[in-house]
Amino acid sequence: ILTSLNFKLLVLSILTSLNFKLLVLSILTSLNFKLLVLSILTSLNFKLLVLSILTSLNFKLLVLSILTSLNFKLLVLSILTSLNFKLLVLSILTSLNFKLLVLSILTSLNFKLLVLSILTSLNFKLLVLSILTSLNFKLLVLSILTSLNFKLLVLSILTSLNFKLLVLSSKLQTVGSQCLEIHVSILLNVLNWYILQVLDKYPHSKVLACAPSNSAADLILERVAEHQIVPKAQMVRLNAFGRGENSVNKKILEYCISDGDGFFRFPRKDEIENNYRFVVTTLISAGRLVSLGIPKSHFTHVFIDEAGQGMEPECLVPIVGLLETQGHNPGQLVLAGDPKQLGPVLRSPIAIKFGLGMSFLERLMGPNFSCFNRQGLSDQYEPKLVTKLLNNYRSHHAIIDVRRTMFYDDELRVCADEAQRTCLCRWSGLKKQGFPVIFEAVCGKDQREENSPSFFNPEEVSVVLRYVRELKEARGIPLETSEIGIISPYHRQVQKIRRELLQRPLRVKDIKVGSVEEFQGQERKVIIISTVRSSEEFLKLDAQHKLGFLKNPKRFNVAITRAKALLIVIGNPDVLCHDAHWRK
């Protein structure tokens with residue numbers, strides 16, 4: 001201590017913040033003080049650390065509460081299992097400036113050594129999974145990302161465990177009871193059919209199905225339940241404690257476990273192991289199964305739907321904690337999604353900068369994993385690893401053609417019901433009969449209200465309303481107003497259109513108006529797209545903040561593929577042609 005700082009100043013600063021005698025006694029009775037001091041002194045500038053801690057929290061209470069509970073390893077695990085960790089974190093955050101604390105710690109020690117020492121002193125996998133089950137991981141990650149260099153953190157973690165083995169070790173049980181070793185089976189479309197096949201053909205299988213959001217998880221259960229392959233009593237939808245019953249569809253509610261107070265509870269370990277063949281939950285809530293002690297060998301199959309929308313840390317929760325990768329009966333992992341469509345929705349620019357905007361699925365399909373790319377001279381995917389679902393059961397061929405060549409190697413096949421996809425081909429409003437795609441050129445003006453950063457285009461609003469009125473009043477076409485969807489990339493434009501639809505003479509309430517992100521995974525018979533942007537001077541602003549359709553091929557892809565029978569695009573062609581995809 002004397003060689004690393006001015007001892008007098010240190011003692012005085014300590015004594016002013018706590019009862020030094022009690023502190024020393026409690027420290028000495030709970031651990032080997034020499035080893036503690038030496039390890040602290042070798043890993044950071046003790047003076048800066050103590051001063052920064054003392055100025056940001058009541059050190060006496062913190063140290064005493066930690067030391068009186070135990071050996072620190074057991075402390076962390078016991079805290080996570082014995083109290084609501086979310087409340088603990090929130091109370092800590094309200095009592096000190098968490099950002100400043102993290103930054104001061106990071107500047108005063110070798111963070112990589114810290115992470116490695118933590119990893120060697122406890123079962124890091126279990127710790128991470130326990131944390132994930134007890135708080136909103138998205139919010140935690142975002143707050144951490146704003147206060148440290150995420151890339152360095154990830155690199156530190158990767159150096160301390162075999163990440164490839166952790167993520168990619170999985171096997172597929174074949175029909176002939178032979179084990180075919182694979183890494184991951186990736187489906188580039190919905191996976192409900194595959195789940196049904198597994199439940200039907202393998203009567204002893206136990207399936208876990210996850211998705212990034214509650215709505216996507218509910219949809220999996222709803223579609224599987226329709227086929228009645230598994231008895232209702234053997235299916236369960238696990239919900240987070242904070243989700244209320246009033247936010248759940250009645251069809252799904254009968255598969256949930258209520259706590260009697262309008263919220264949900266988790267079943268016991270023995271209930272899950274003995275009663276349920278098909279378990280559905282969100283990616284984060286899957287961590288609760290690990291906390292309950294569900295063994296990795298329990299689930300024979302783990303499915304992750306909409307894997308292109310979930311952040312990679314989310315996807316790793318069920319993979320790391322619930323997928324058996326060793327022994328004679330390893331589990332099978334199936335990721336289903338479209339890496340060409342929108343990925344995780346992030347608010348933090350630092351999170352985006354350091355790669356959390358790329359989903360686990362997209363990263364696996366990238367150049368660093370050659371096994372999931374087209375192979376050699378055949379230029380085909382390895383069928384044991386990648387299955388592409390090429391049949392499109394939604395759209396008219398004129399709508400599919402736009403994206404088929406741009407994003408899907410000209411492989412998509414039109415398989416939608418002919419009566420449905422051609423039902424608007426004779427509408428009098430078409431520019432060309434039999435071709436249900438319209439581009440309406442509008443040279444409007446970008447506008448903003450007061451301090452709002454969002455744009456709207458009144459000229460395009462008028463054109464949208466005109467098309468809605470013409471479709472509503474048209475005779476001889478099978479169309480309800482609820483089958484129309486309106487997409488715009490700017491929140492203010494969405495608000496303007498919604499407000500106008502409720503006014504006279506239209507007074508329409510059942511037309512969904514929203515952003516591209518709100519429409520991902522949905523479809524409508526008619527889609528009207530308002531691109532808004534009419535001024536080149538704001539293109540740099542859009543590119544900087546990732547707004548609008550320009551320079552954003554994923555947003556473009558999602559927007560133009562929601563329509564089943566009619567696609568109407570409204571925009572300024574001179575501005576849109578600055579983007580390669582719009583120009584094509």
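Reply: The buried residues of α22 are covered by elements that include β10 (391-392), β11 (413-414), β12 (437-441), α28, β16 (563-571) and α30 (580-583). This is a predicted model. The residues of α22 that are buried are Ala398, Ile399, Ile400, Arg403, Arg404 and Phe407.

One of the covering elements, α28, can be described in more detail. Helix α22 spans residues 397-407 and helix α28 spans residues 553-560; the two pack at an angle of about 155°, and their axes lie 10 Å apart. Angles over 145 degrees count as roughly antiparallel, so α22 is roughly antiparallel to α28. The crossing of α22 past α28 is left-handed.

On the α22 side, the contact is made by Ile399, Val402, Arg403, Met406 and Phe407. On the α28 side, Pro553, Phe556, Asn557 and Ile560 take part. Sorted by type, the residues of this contact are seven nonpolar, one polar and one charged. Among the contact residues of α22 are Ile399, Arg403 and Phe407, and these three also belong to the buried residues of the helix.

After the helix comes aspartate 409, which has a positive phi, near 50°.

Serine 359 sits in the loop between α20 (349-353) and α21 (360-364). Its relative accessible area is 1%, so serine 359 is buried. Leaving out residues up to four places away in sequence, serine 359 touches Ala307, Gly308, Gly310 and Pro344.

Key:
Residues are numbered from 1 along each chain as its sequence is written. This is a predicted model: local features need pLDDT of at least 70, side-chain atom pairs count only at pLDDT 80 or more; totals for chains, interfaces and linings use all residues. Side-chain values use heavy atoms; hydrogens and water are left out. Axes are lines fitted to C-alpha atoms, for helices over the stretch in contact, and angles run from 0 to 180 degrees between N-to-C directions. Helices (H or I, at least four residues) and strands (E, at least two) are DSSP runs, numbered from the N terminus. Angles under 35 degrees count as roughly parallel, over 145 as roughly antiparallel, 65 to 115 as roughly perpendicular and the rest as oblique. A crossing is left-handed if the near helix is turned anticlockwise from the far one by less than a right angle, and right-handed if clockwise. Contact means heavy atoms within 4.5 Å. Ala, Val, Leu, Ile, Met, Phe, Trp, Tyr, Cys and Pro count as nonpolar, Asp, Glu, Lys and Arg as charged, and the others, Gly among them, as polar. Buried means under 20% relative accessible area, exposed over 50%, partly exposed in between (1.4 Å probe, protein chains only).
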